[in-house]
Amino acid sequence: MKLLTIETTCDETAAAVIDERLAVLGAALASQDALHERFRGVVPEIASRAHVERILPVIDEALRKAGIGVGEVNAVAVANTPGLAGSLLVGLSAAKAIAVALEIPLVAVNHVQAHIYACRLTYGEEVFPCVGLVVSGGHTNLYRCAGPLDFELLGGTIDDAAGEAFDKVAAMLGLDYPGGPAIERAAKNGNPRAYRFPRSFLNEPNRLAFSFSGLKTAVRYQIAGPGSSGEIVPPGDPQIRADLAASFQQAVVDVLAAKSLDALRQTGFSSLCVGGGVAANRALRERLGEIAAAESFRLYLAPPQLCTDNAVMGAIAIERLRAGLTEPLELDITPGLVRPLSPFAPRK
Ligand code: KG4
Ligand code: ZN
């Protein structure tokens, strides 16, 4: 069994070949960071055009690495939700073309669930049941994951995603794009207690919701003065930038750690799986490690290379194939995250 997985939900064009035992036979990825850097954020039209140029070479590279021809692929999976409409359509069109040409099953992948599945791939079946925390550029969500396909949304952000806040604060500080790794680097030389930034909903333990927009505004006012709007000039002093980066990062980490613990208590589960681009952040990983030891829960962090978008985590499609969940060729994209996640639970 050779499954080809395709990922084009945002600005990464990726493909992988996975076998029925979840072994990764080949994987390829083309990053668009250089194209979006000067806009300091993903420009949807540029992203979809770049996917069109890259999708076939990336699929070819994954197949070449796996040492197989396209004719040897037995099923094709594609992330069709959530994501940018134009980006999703490129991956879906490629997947449908392959499914039609080879007369093989088409499998739908939920990108957010796939981020959690990166932990299953790494640590095995023991990760379930778990609380799943997905922290990325587009999502900050907590899930009750009873099994690999059984996800229930517990709460999410009411405004910005955590990664989005990292990217916007990095821009205010004049740091590189993408902002997450740049903030992490700058924060190494900074004092996380230099500035006291807000931690939204922290004192409402039963509320599994996040908000990072106020934090972002607090950083802005700290740099440019209360009530400022429009362009801001990043602080010239590298120590001030480092202190701002470290204090901002600490505020995000504190909230993510506290809410994950709340979700564990609410569900009664004793495992936490964490995935998505922000899960690569070392300060977050260390903090979660500390509270896992103190509170005696099992912590499964996706390895850093599987935190940011990739096609390997599309291996979740193997679970759907095992459950007989293939899709008709009418399969469409769903750019927004459907709440609750019932459409993605196994169909009876
Ligand atoms: O999962 P991902 O690749 O794409 C989405 O599905 O959104 O996540 C990208 C996000 C970006 O906002 C990026 O700044 C953030 O993940 N990120 C990080 C780190 N590496 C990537 N945030 C904090 N620390 C990092 N080391
Ligand atoms: Zn993602």
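I note here that the model is a predicted one.

**Entry: the shell.** Which helices each supply at least two residues of the shell around ligand 1? I listed helix 4 (111-123), helix 5 (162-172) and helix 6 (179-187). I then looked up the nearest residues. There are 21 residues around ligand 1, and those that come nearest are Gly137, Asp167, Gly180, Glu184 and Asp309. I sorted the shell by class and wrote down 12 polar, 6 nonpolar and 3 charged residues.

**Entry: domains.** I checked where the shell comes from along the chain. Domain 1 (2-115 + 307-322) and domain 2 (127-304) each provide at least three of the residues around ligand 1.

**Entry: polar contacts.** I looked for N or O atoms within 3.5 Å of each other, the cut-off for a polar contact. In glycine 180, a backbone N or O atom is 3.0 Å from an oxygen atom of ligand 1. Histidine 111 has a polar side-chain atom 3.3 Å from an oxygen atom of the ligand. For serine 136, I read 3.4 Å between a polar side-chain atom and an oxygen atom of ligand 1. Next I looked up how much of the ligand is covered. Ligand 1 taken alone exposes 550 Å², and the protein buries 90% of that.

**Entry: the pocket.** Where does ligand 1 sit? I found ligand 1 in the largest pocket.

**Entry: cis peptide bonds.** I turned to the backbone and noted a cis peptide bond between threonine 81 and proline 82, with omega about -20°. Proline 82 belongs to the loop between strand 4 (75-81) and helix 3 (85-102). Another cis peptide bond joins tyrosine 177 and proline 178, and its omega is about -5°. I located proline 178 in the loop between helix 5 and helix 6. Both of those helices are on my list of shell suppliers.

**Entry: a positive phi.** What is phi of glutamate 103 near? I read a value near 55°, which is positive in a residue other than glycine. I placed glutamate 103 in the loop between helix 3 and strand 5 (106-110).

Technical notes
Residues are numbered from 1 along each chain as its sequence is written. Chains are lettered from A and ligands numbered from 1 in the order in which they are written. This is a predicted model: local features need pLDDT of at least 70, side-chain atom pairs count only at pLDDT 80 or more; totals for chains, interfaces and linings use all residues. Side-chain values use heavy atoms; hydrogens and water are left out. A residue is near a molecule or strand if one of its heavy atoms lies within 4 Å of it. A polar contact is a pair of N or O atoms within 3.5 Å; within protein, one must be able to donate a hydrogen and the other to accept it, and residues adjacent in sequence count only if both atoms are side-chain atoms. Accessible areas come from the Shrake-Rupley method with a 1.4 Å probe; for residues, only the protein chains shown count as cover. On a 1 Å grid over the protein atoms alone, a cavity is a set of points where a 1.4 Å probe fits but cannot get out, and a pocket is an open set with protein on both sides within 12 Å along at least five of seven lines; lining residues have an atom within 4 Å of a point. A molecule sits in a cavity or pocket if more than half of its atoms lie within 2 Å of its grid points. Helices (H or I, at least four residues) and strands (E, at least two) are DSSP runs, numbered from the N terminus. Ala, Val, Leu, Ile, Met, Phe, Trp, Tyr, Cys and Pro count as nonpolar, Asp, Glu, Lys and Arg as charged, and the others, Gly among them, as polar. Domain bounds come from an automatic or database domain assignment.
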